[in-house]
Amino acid sequence: MGKRVSVQTPKGFRDALPKEAMERSLITDKMAGVFRRFGFIPLETPAVEYASLLEGKYGEEERLIFKFEDRGGRMLALRFDQTVPLARVMAQYPGKLPEPFRRYQIQPNWRAEKPQAGRYREFTQCDFDIVGSGSPLADAEVVAVVVSVLEELGFRKYHLLFNDRRVLTEMIAKSGIKKDLEAPTVRILDKLEKIGEEEAVSELVGAGIAPTKIEVLMQLLGRRPVLPKSKIAEISLDSIDEITNNLKYFGVPRTKVLYTPTLARGLDYYTGMILEVVIEGYERGSVGGGGRYDGLLGMFSGKPAPAVGFSFGLERVHEAMQNLHLLPEKSQTTKVLVTVFGKELAGASIRVASLLRRSGINTELRLTTSEKLDKQVRYADKQGIPFIVIIGPDESKADSVTLKNLNSGQQDLVPLDALPERLLA
Ligand code: AMP
C-alpha cells in the first residue's frame with residue numbers, strides 16, 4: 001500500500017460544493033447582467049503573467065504575489081488582480097479596443113495572504129472598469145453600477161465609503177509631510193479604523209513623521225477639534241462634489257455615499273476617487289473596492305489613459321448574502337427526475353428524458369433498471385427535485401406518463417405531447 005495522501009485543499013484554498021457553486025453562479029450572473037446593462041463588455045486574461053509585469057505595481061502587497069519559474073527559466077506570477085492585466089491588454093492591442101473601453105472581468109486571483117475569515121489565497125473578483133475617460137461622469141457611473149449591483153443582489157443596508165486621493169494628498173502636503181513619506185502615510189491611514197488612532201499615530205512617528213505634523217494631519221482628517229489657525233479651510237473638496245453632484249440623476253440616494261476622509265485604500269496606484277463598500281451585518285471587511293487610477297495604464301503603453309473601476313470580492317459578497325439570508329433556500333436546478341421502471345421500459349424513459357431536455361427542462365434520468373420505484377422517489381425527494389415522471393407498462397401503452405409533484409403530492413396521467421408544457425408552466 002502506498003502512503004495515504006492527505007485529502008485536503010491547500011491552506012487558503014477552498015472547494016465550492018454544488019450548493020455553494022450554484023449560489024456563486026447565481027451571483028455572478030446577476031452581476032454580469034448589471035455590468036452589461038451599463039454597456040460593459042467581457043474580457044478574460046490568463047491565470048499567469050510574466051512576474052516582471054506585476055512587480056512594482058502593488059506597493060508593499062507585492063510580497064503576496066505567487067511566483068514560480070517555468071521550465072524555460074522564465075519567472076511567472078499568478079494573476080494578483082485584474083487591473084494590471086487590463087493595463088497590459090490596453091498596451092498590447094492598441095486600436096483594437098473601443099474607446100472608452102468599458103470592460104468587466106470575473107475571474108479568480110491569487111494572493112499569498114495569511115488565510116482568515118473573508119481572506120483567502122484564491123478568490124474571485126468581479127471587476128468593471130472604464131478606460132479612456134477622465135470625466136467625473138465616469139466616476140459617478142462607477143458609483144451607480146456599484147449601487148445597482150448591491151440592489152440587484154438584494155442588499156438594502158449598505159454604504160459606499162467615498163474619498164478622493166487628491167484631497168488626501170493635499171491634506172498630507174498641508175500637514176508639512178514630505179512627498180517621499182506620502183505613500184507610507186497613506187498606507188498607515190488606510191489601517192486607521194482597524195488599528196485605532198493611537199497605534200496609527202505611533203506607526204506614523206515610526207515612519208519618521210514629526211508629531212506636530214501628525215497633529216495637523218489628524219485635524220485635517222476631522223479627528224481633532226479644529227484649532228484656530230487651522231488649514232482646513234484651504235482644503236478644496238471640489239473634486240468630490242464634481243462626482244457626487246451627479247449621483248442623484250443616476251438614482252443613487254446621496255445618503256448611501258459617505259465622505260470618509262481617512263479612507264485611503266492600500267494599493268499604490270489610485271489617483272482620484274476611492275471607494276469601498278460596507279454592508280451592515282457583515283463584518284469581515286469590505287465586499288468591494290475601487291477608484292480612479294490614471295497613472296497605471298500609461299506605465300505599459302507610454303500613453304497615459306485615464307481609468308476608473310471597481311472590484312467586488314465574490315466570496316465576501318456570497319458570505320454577506322448568506323448572513324443576511326438573501327439567497328434562495330433551494331439551490332436545486334433539476335426540475336424533474338425520470339424514473340426507470342425496469343429493463344424493458346428503459347428505452348421509453350430515455351425517450352421521455354430526451355424530449356424534456358430538448359424542451360429546455362432540466363431533467364435527470366435515473367441510471368438503473370433494477371431499483372424499486374419508491375427508492376427512486378425517495379432519491380428525488382432527498383435531492384429536492386420537485387417533479388418525478390413514471391413510465392410503467394400502462395403509461396407506455398397509452399403514450400402517457402404519470403407526473404407527480406413531490407411538494408404537493410398531487411399526481412396525474414399526462415399525455416406525452418402535453419408533458420413539456422405542463423412542466424414549463
Ligand atoms: P483589492 O483588489 O485589494 O482592492 O480588493 C477588492 C475586493 O476584493 C475586496 O474588497 C474584497 O472583497 C476582495 N478581496 C481582496 N483580497 C481578498 C482575499 N484575500 N480574499 C477574499 N477576498 C478578497
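How are helices α1 and α12 oriented to each other?

I began with the basis of the entries: this is a predicted model, in which local features need pLDDT of at least 70 and side-chain atom pairs count only at pLDDT 80 or more, while totals for chains, interfaces and linings use all residues. I number residues from 1 along each chain as its sequence is written, and side-chain values use heavy atoms, with hydrogens and water left out.

**Helix pair**

I looked up α1 (residues 18-37) and α12 (residues 314-323), which pack at an angle of about 105° with their axes 10 Å apart; helices are DSSP runs of H or I with at least four residues, and strands are E runs of at least two. The axes are lines fitted to C-alpha atoms over the stretch in contact, with angles running from 0 to 180 degrees between N-to-C directions. The two helices are therefore roughly perpendicular to each other, a label for angles of 65 to 115 degrees. I then listed the contact (heavy atoms within 4.5 Å), to which α1 gives Glu20, Glu23, Arg24, Ile27, Thr28 and Met31, and α12 gives Leu314, Glu315, Val317, His318, Met321 and Gln322.

**Ligand site**

I found 15 residues around the ligand, the closest being Arg111, Tyr120, Gln125, Arg265 and Ser286, where near means a heavy atom within 4 Å. Strands β6 (122-131), β10 (288-292) and β11 (307-313) each supply at least two residues of this shell.

For polar contacts (pairs of N or O atoms within 3.5 Å), I noted a side-chain N or O atom of Gln125 at 2.9 Å from a ligand oxygen, and a polar side-chain atom of Glu113 at 3.2 Å from a ligand nitrogen.

Technical notes
A polar contact is a pair of N or O atoms within 3.5 Å; within protein, one must be able to donate a hydrogen and the other to accept it, and residues adjacent in sequence count only if both atoms are side-chain atoms. Angles under 35 degrees count as roughly parallel, over 145 as roughly antiparallel, 65 to 115 as roughly perpendicular and the rest as oblique.
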